[in-house]
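Hi,

Here is the structure I said I'd pass on.

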Amino acid sequence: MRRPEGVRDTTNDAAADRPFFREFIVNLPVQKALGWQLQFENDTSPLSVAKIRATGAVHDWNERNPLNDIQVGDHIAKVNNVFWHNNTESFLAKVNLQMKLAREAKLPAKPVVQLLVQRPWRTYATESTVSTEDSSGDAAGASEEDDLGAVN
């Protein structure tokens, strides 16, 4: 379903008049580099995808799932059973732990994490979702060596 940009909720509930987004589940293998960079502005802003490399688990997922591909600007709202609740730094620490446990195969399942991805409603064209350059630009509070905080 698509709602045209000018259509607003007709109730008097101010909370009902909020931006729309699309949600989908991604089962991302973590046994190899993820190939993305995440960022956030402050502790109450969502963790979002800043860059996607031309190689890695995210790129492979996107190739196999073109209708549910991860794009620059998408928000990561949940990893396994860990939800984001306006607590980005705490959420990121818990997510890094989930990644580490999955990589070390200490979880009962194979080395995969389940992400709940939210795509904000966009009224503009997005930038390219793939970067072939190998820049060292890091997400806030993360580096390429971190489990999830930046490009892996």
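Aspartate 74 and arginine 119 meet through their side chains in a salt bridge, 2.7 Å from N to O (the term needs a side-chain nitrogen of Lys or Arg within 4 Å of a carboxyl oxygen of Asp or Glu). The two partners come from distant parts of the chain, 45 residues apart: aspartate 74 is in the loop between H1 and E4, and arginine 119 is in strand E6. (Helices are DSSP runs of H or I with at least four residues, strands are runs of E with at least two, and both are numbered from the N terminus.) Both aspartate 74 and arginine 119 are buried, with relative accessible areas of 0% and 10%. For those labels, buried is under 20% relative accessible area, exposed is over 50%, and partly exposed is in between, using a 1.4 Å probe and protein chains only.

Before you go further: this is a predicted model, where local features need pLDDT of at least 70 and side-chain atom pairs count only at pLDDT 80 or more, while totals for chains, interfaces and linings use all residues. Residues are numbered from 1 along each chain as its sequence is written, and side-chain values use heavy atoms, leaving out hydrogens and water.

Arginine 119 also forms a salt bridge with aspartate 69, with the closest N and O atoms 4.0 Å apart. Aspartate 69 sits in the loop between H1 and E4 and arginine 119 in strand E6, so this pair ties together parts 50 residues apart in sequence. Aspartate 69 is buried too, at 16%, and Asp69, Asp74 and Arg119 are linked in a network of salt bridges.

The count comes to three salt bridges, one of them between lysine 32 and aspartate 60 at 2.3 Å for the closest N and O atoms. Here lysine 32, in the loop between E1 and E2, pairs with aspartate 60 in helix H1, 28 residues apart. Lysine 32 is partly exposed at 40%, and so is aspartate 60 at 24%.

Now the core. Which residues touch the most other members of the largest nonpolar core? They are Leu28, Trp36, Ile76 and Leu115, out of 27 residues. H2 gives the most to this core, with five residues. (A nonpolar core is a set of buried Ala, Val, Leu, Ile, Met, Phe, Trp, Tyr and Cys residues joined through side-chain atoms within 4.5 Å.)

Last, some backbone angles. Most residues other than glycine have a negative phi. Asparagine 80, in the loop between E4 and strand E5 (82-83), has a positive phi of about 55°. Asparagine 86, in the loop between E5 and H2, has a positive phi near 55°.

Cheers
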